[in-house]
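Reader: Could you walk me through this one, starting with how its pieces get named?

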Amino acid sequence: DIQKMLASTDDPVVFQRVIERFSRPETRFITVSSDREHVHKQANVTHEALCEHWEELKQWLQSSQDIIQEKQKIEFDASEWEKADKIQDYLPRGKKLADLETFQAKYYETFPLSITATEYLKQGKRSQTNQKNRNYSLVTASLAVIGLTLGLSWRQNQHREAEAKILRATSDSQPQEASLSAAKRIFDQAK
């Protein structure tokens, strides 16, 4: 009974796709039938088709073995993340995240990821984006502090130079009025 099998599987979407794929007229590994009310659907293995296409199936499984193992590794990592209450330390980062994104893009139709693995990928992307944004903010804030520090340093240096000019002007033998006038001009220019 397909309904019972769907209820007991970890990923009903994948199970349904497998049933559909193997029950196509050109494949016929499985035949699907239902009762008169169309309430209960039943899947039966078509032995004749299995015998005729056994080599084809075996070749497909062999050629897809690396992909199947990669998918199993992703699913395992996602389940470990879920068991660990979905903490960020378990999320994929860097090359692992890039490989996971490549797998998802390349094998979305033939080897779809479970809901948990899809969420694992999505949260990994979100975490990496957030980290990049934090790094960008930190760099921006650091540059702003450096800019302010340089600006203040330049301004202090200008004031020191103005004070030195005033001291030189007042230490010369100029009359006091001329010294005050020179000092005012120098301060006005420094502003």
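Author: Helices (H or I, at least four residues) and strands (E, at least two) are DSSP runs, numbered from the N terminus. The model is predicted, so local features need pLDDT of at least 70 and side-chain atom pairs count only at pLDDT 80 or more, while totals for chains, interfaces and linings use all residues. Residues are numbered from 1 along each chain as its sequence is written, and side-chain values use heavy atoms, with hydrogens and water left out.

Reader: Which residue just after H4 takes a positive phi?

Author: H4 covers 65-83. Just after that helix, the phi is about 60 degrees, and the residue is aspartate 85.

Reader: How far apart in sequence are the parts tied together by tryptophan 81 and tyrosine 120?

Author: Rings of Phe, Tyr and Trp (its six-membered ring) pair if their centres lie within 6.5 Å; planes under 30 degrees apart are stacked, over 60 edge-to-face, the rest tilted. Tryptophan 81 and tyrosine 120 make a tilted pair, 5.7 Å centre to centre with 50 degrees between the planes. Tryptophan 81 belongs to helix H4 and tyrosine 120 to helix H6, so the separation in sequence is 39 residues.
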